[in-house]
Amino acid sequence: MAKKTEKPVRAPENETSLAKQLEYQKRLNNITNRIHSARDTDDILLNLQGEILSLFDAERITIYVIDPAKKEIVSRLKTGNEVSEIRVPVNNGSISGYCAATGLVLNISDVYDQNELDAINPRLRFDKSWDQMTGYKTTQILAAPILHNTVLQGVIQLINKQGGQRFTHEDESSVMDIANVLGAAIFKNRKVAEKSRVTRFDFLVGQNIISRNELIEAMERSRKKRASVESVLMNEFHVSKEDIGRSLSEFYRTRFIPYDDNMVIPGQLLKGLRVNFLKRNNFIPVLQSEDTVVVAMENPGSLPARDAVKRLIKSKKFEYCVSLKEDIHKMIDMFFDVKRTQILPSSGSIEEILGQLKTEDDEEDDYDSMAEDDSAIVQLVNKMIIDAFNRGASDIHIEPRPGKRPAVIRLRIDGACQIYQTIPHTYKRALVSRIKIMSDLDIAEKRLPQDGKIKFKRYAPLDIELRVATIPTAGRNEDVVMRILASGDPMPLNRMGMTERDYESFIDIITKPYGMVLVVGPTGSGKTTTLHAAMRYINKPETKIWTAEDPVEITQDGLRQVQVQPKIGLDFASAMRAFLRADPDVIMVGEMRDQETVSTGIEASLTGHLVFSTLHTNSAPETITRLLDMGMDPFNFADALLGILAQRLTRTLCKKCKEKYHPTREEFDALVRLYDGDFNALGFEFTDDFHLYRPKGCPECSNTGYRGRVGIFELLRGTDEMKLLIQNRAKIDDLRKQAVRADGMTTLMQDGIRKVCLGLTDIRQVRRVCIR
C-alpha cells in the first residue's frame, strides 16, 4: 500500500507578517536610538543614510535644516552629487518648502500630477528646476517636518519608492518617528554649538551655513596652505563673503567693512603712513566722520594694533571695524596706488602726491600758499582725470566745502554720483586754479561762471577731451564740473534695446530720402549715441553725411564732421547753412538750441535732405508743442517731421548678483496701473512662475546692485493724422492720445516696465528717470 506523501507545514500568514513588522520595528528603533545617542548628528546621519533608504525602500533622501536668518531650509544631508547644496524658501513654491511652512506630512505619488498637488493646496507647486539641473526624475515624495517643541528645525524628504509605488501609511508613521528624534538632536547640537562658541566663525555653524567638522577641516586646510580661514571658507566651502562678514561682526561686535572698488580715498588720513607697515599690522583708516576716524582691522580686539592706530593718526575718537585681511590689503593698494596705469609712469601714488602737500597754516590768508603749477597739484589733477576715465565716469565734480572742511571730489558713474576722495581744505583753490589754467579760463575771475575745455593729450598720453564749467559758490569757493568726452566707435542700432515695433519704425524713418528726425531727452540720456548709431546704419559710400557737433565725441569713417566754435561765429545755424552749399544727403546737427537753427533744419528737410538733431525736452509729444511755441510754422513743421524719439538711460541690475523673487499681487497690480495701457500685450501674467529681480550687491557692482545702463524709448511717428493735429496746433494731450492709442506708441514708462518684467532693471530706477 503506497504511503501518503505529507505536505510541508507552512507558517500562517499572520505569523510571517508579524515577524516582518517586528523586524521593521527593530530596524527603525536601531536608527532612532543611534541618532538619539550620537554626539555629532551629521556624522551619524552619513553612516545611517543607507539604512534609512533601505528601511523605506527609497532611492534618495534629503535632510534639510532651517536657516532662520534667510527663512530658508538648506540641505544638511542629501543623496546624489549633482549639486553641492540645495536652498529652498519656506513657502508654497516647493514641496519641502510647503512641508516646512505648514508642518504637514506630505505623501505624493506623482509630483508632476498638478491635480494631486491641487488636492493638497491649489497654490502648491513642485520645483522642477532641480530635476532639470540634475537630470534625475522625481516621482514619489514623502516629506515630514522636523520639529522640536513645535519649533521647526528642518524637513526630512524621501524620494522615489522602489517599484514606483506610493509610500505606505506605515512609512508615514516611521518617518515621523525619525523626524521627532532628529528634531531633538538638531536642537541639542545647536545649543551645544552656541555654548562652546570660541571662534569667530561659530555664527556660521549656529546658522547651519557650515558644520562644525567643516569648520575644523577649513582651519586645517588654511594652516597647510598658509592662507586665511576666511579665504578657504569662501573658495573651497562656498561660504559667501556676506555670511563671513556677519559672523565676524557678531564675534567682534562691530561693523564689517568689505572692499569696494568705489571706496572714498581718505587722502588726509594717509599722510605719514607706509604701505609695508599697514600690511604688516593689517589695518587701514577708511573714513573720517566729524571727529571720528573709522579704521578697518583684521582683529579689532588687538590692543597693539589699536595703540599703533592712536600713535599714527590724530583724532578724538576711533571706530574699530572688522574686515578680511585680503580686503584690507586691497584697500591699501587702492588707497596708495589707485588703479595705476602706465599712462603717467612718472607720477606717484595718491599717498606720495598727498605727501607733497605740506601742511600749511590754517588761516584763511594762507589758502593760496601752494601755486597751481606746483608739481603735487599738477600730478593730483592728472591722476584724478585718469582714474575717472578708468572707472568709466561721465563727470567729475570738485566741491570745496565752507571753512576748513576738506574739498570733496565725486565721480558720476552709471548716472549716480560716488565720492572719489577728499583733499585738505588748504589746497582747494590751487586745485581749481590748475583746472582753469588747463582749460584756458581766467584764474583771476572768481565771481562769474566760466566754461572751457581741456584737451588732455597736451598733459598726458590719453586722448580725451573734458568740458569744464566753474560756478562760484558760498564761502568764496568755486565748484568745478568736468564732463569727460571720450572718443569712441558708434554702437550698433540693434543693440540699443528698442522694442521690435520701435526698432523697425526707426529704421523705416531714418532710411527716408528727406525729412526731420529728432532725438530728445535731458542731458546725459544718450541722444548723441543714438544719432551716431542711426548714421552708422545709413552710412554708405553713396550717401554724403555732414555733421555739426559740440564736441565731436564719436568719429566714423565716411562722415564729414565739423566741430562748432561759437567764439568765432561758427555756430550750429551757420554750419548748417554752409552744409546746404556742400551737396549733402544727410545733415546732423548736435542740438537745436534756437529758432534760427530749427528754421534752417526744417527748410533743409523740405528741400530734399534728411536732417537729424537733438532737443532737450521730456517726451516726444512735448517736443511738438515746444517747437511750435518757438515760432515754427505748423504746416512746414508737420510736412518735415518723420519722427521723434524720446529716450532715457536707466541703471541696470548687476547680472552677477541680482536677486530673483516672486512679487506680491499688490506689487504686480501697481505695475499694471503704472503701465496705463494694454499690459496683457506684454505677455506677462501673475502666476507662481512670474518673477522680478531686485538689487543685492556684490564686489562686481561695488555693492550697489547695479552695473551699466540701458535705454528706454518712446517713438512718435509723423503719421498723416499726427501731421493734421500739428497743423491745427492741437493740445499736448491730444497729441499723446493720437500717438499712443492710434499710432501704437509705447511711452517711456511702458518701455521701462517692459524692461522691469524682463529682469533688466527695477521699477525704482525707471521712476527715477521718467514720469509717464
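I looked up strand β8 (residues 292-297) and found six bridges joining it to β9, the two running parallel. Strands here are DSSP E runs of at least two residues, helices are H or I runs of at least four, and both are numbered from the N terminus. Two strands pair if DSSP finds at least two bridges between them. I noted that Val 295 stands opposite Tyr 320 in β9.

The model is predicted: local features need pLDDT of at least 70, side-chain atom pairs count only at pLDDT 80 or more, and totals for chains, interfaces and linings use all residues. Residues are numbered from 1 along each chain as its sequence is written, and side-chain values use heavy atoms, with hydrogens and water left out.

I then traced the sheet, which is open, with three strands in the order β7-β8-β9 and mixed pairing. β7 (283-289) and β9 (317-322) are at the edges with a single partner strand each, so one side of each has no neighbour in the sheet.

Angles run from 0 to 180 degrees between N-to-C directions, and axes are lines fitted to C-alpha atoms, for helices over the stretch in contact. Helix α12 (residues 303-312) packs on the sheet and touches β7, β8 and β9, its direction making about 135° with that of β9. Helix α13 (residues 325-336) touches β7 and β8, at about 65° to the direction of β7.

Last, I looked at helix α15 (residues 375-390) and helix α16 (residues 428-438), which pack at about 70° with axes 10 Å apart.

Conventions:
Contact means heavy atoms within 4.5 Å.
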